[in-house]
Amino acid sequence: METNLFVYGTLLKGMPSRMAARLQEEAAFIGEGYVSGILVDLGYYPGVVLIPGAETRVYGHIFRLFFPEKTIQELDRYEDVGHGTAHRAPYRREIAEVRVGDAVLPCWVYVCQMDYSGLPVISGGDYRSYLAQGSHPKHWKFMQDGEDR
């Protein structure tokens, strides 16, 4: 069975992060798609909140993983998922329906599980546009300086 991944932030194709470059080595780029929901600025990176049936969309890229078990394990570590730490992980990984044109593709997606009330919603659900529209030094620093949370 094929394993697909939907990304919407620092892992987008062409982003200046080591993990985005690594993902492109370990997966085939399938194309662009979107999920129903909102994109929230969590400070150093974005988080998606899935809202089935919502009119708002979050845009991103779909990858087909070459070595799903290995890559998912690396991504879980990068996204701080499931490590039994005392704090609540910022993300959980789940399967979501990603729209690609007229088709729907099931994909893994890292979903925000933090309290996002009061945080800025990224208008239009497009992280690249958000970065292009203004100064977001914490986001650039996260991607360029080691991606340590």
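**Helices and their buried sides**

Guide: We may begin with helix 4, whose buried residues are covered by elements that include helix 1, strand 2, strand 3 (46–50), helix 2 and helix 3 (127–133). Please bear in mind throughout that this is a predicted model.

Visitor: Which residues of helix 4 are buried?

Guide: In helix 4, which spans residues 137–144, the buried residues are His 139, Phe 142 and Met 143. They lie on the same side of helix 4, because they cover an arc of only 95 degrees around the axis. The general idea is that an α-helix has 3.6 residues a turn, so residues three or four places apart point the same way.

Visitor: Which residues are buried in helix 1?

Guide: Helix 1 comprises residues 18–25, and Met 19, Ala 20 and Leu 23 are its buried residues. Their arc around the axis is only 105 degrees, which means that they share the same side of helix 1. The exposed residues Arg 18 and Glu 25 are carried on the face of helix 1 turned away from its buried side.

Visitor: What covers the buried residues of helix 1?

Guide: The cover includes strand 1, strand 2 (27–41), strand 4 (57–65) and helix 2 (68–78).

Visitor: How does one then read the nonpolar core?

Guide: One asks which members touch the most other members. The largest nonpolar core has 41 residues, and those that touch the most other members are Phe 6, Tyr 8, Leu 23, Val 48, Tyr 110 and Tyr 127. Leu 23 is also one of the buried residues of helix 1.

Visitor: Which residues does Tyr 8 touch, not counting residues up to four places away in sequence?

Guide: With those residues set aside, Tyr 8 touches Leu 39, Pro 46, Gly 47, Val 48, Val 58, Tyr 59, Gly 60, Tyr 91, Val 109, Tyr 110 and Tyr 127. Among them, Val 48, Tyr 110 and Tyr 127 are also named with Tyr 8 as core members that touch the most others.

Visitor: How many cavities of 30 Å³ or more does the structure hold?

Guide: The structure holds 1 cavity of 30 Å³ or more. The volume of the largest cavity is about 130 Å³. It is lined by 15 residues, of which Tyr 8, Gly 9, Thr 10, Leu 11 and Glu 79 are the closest to its centre. Strand 1 (4–7) and strand 6 (103–112) each supply at least two residues of this lining. By class, the lining of the largest cavity comprises 11 nonpolar, 2 polar and 2 charged residues.

Visitor: Which elements give two or more residues to the lining of the largest pocket?

Guide: The largest pocket holds about 220 Å³ of space. Strand 2 and strand 5 (91–100) are the elements that give two or more residues to its lining. Strand 5 gives the most, with 5 residues. The lining includes Tyr 34, Val 35 and Ser 36, as well as Glu 94, Ile 95, Ala 96, Glu 97 and Arg 99. Its classes are 7 nonpolar, 2 polar and 3 charged residues.

Visitor: How should I read sequence separation against distance in space?

Guide: One sets the two values side by side for a pair of residues. Asn 4 and Leu 65 are 61 residues apart along the chain, and their C-alpha atoms are separated by 6.1 Å. Asp 41 and Leu 65 are 24 residues apart in sequence and 27 Å apart in space, C-alpha to C-alpha.

Visitor: Is Asn 4 buried or exposed?

Guide: Asn 4, found in strand 1, counts as buried because its relative accessibility is 6%, and buried means under 20%. Leaving aside neighbours within four places in sequence, Asn 4 is in contact with Ile 62, Phe 63, Arg 64, Leu 105, Pro 106, Cys 107 and Trp 108.

Visitor: Which residue has a positive phi although it is not a glycine?

Guide: Most residues other than glycine have a negative phi. Here Asp 80 has a positive phi of about 65 degrees. Asp 80 lies in the loop between helix 2 and strand 5 and is buried, with a relative accessible area of 18%.

Definitions and conventions. Residues numbered from 1 in each chain as written. Predicted model: local features only at pLDDT ≥ 70, side-chain atom pairs only at ≥ 80, totals over all residues. Heavy atoms only, no water. 1 Å grid on protein atoms, 1.4 Å probe; cavity = no way out; pocket = protein on both sides within 12 Å on 5 of 7 lines; lining within 4 Å. Points joined across faces, edges and corners; volume = space filled by probe spheres on them. Helix = DSSP H or I, 4+ residues; strand = E, 2+ residues; numbered from the N terminus. Nonpolar A, V, L, I, M, F, W, Y, C, P; charged D, E, K, R; others polar. Buried < 20%, exposed > 50% of the residue type's maximum accessible area, 1.4 Å probe, protein only. Arc of directions from axis to C-beta. Contact = heavy atoms within 4.5 Å. Core = buried A, V, L, I, M, F, W, Y, C linked by side-chain atoms within 4.5 Å.
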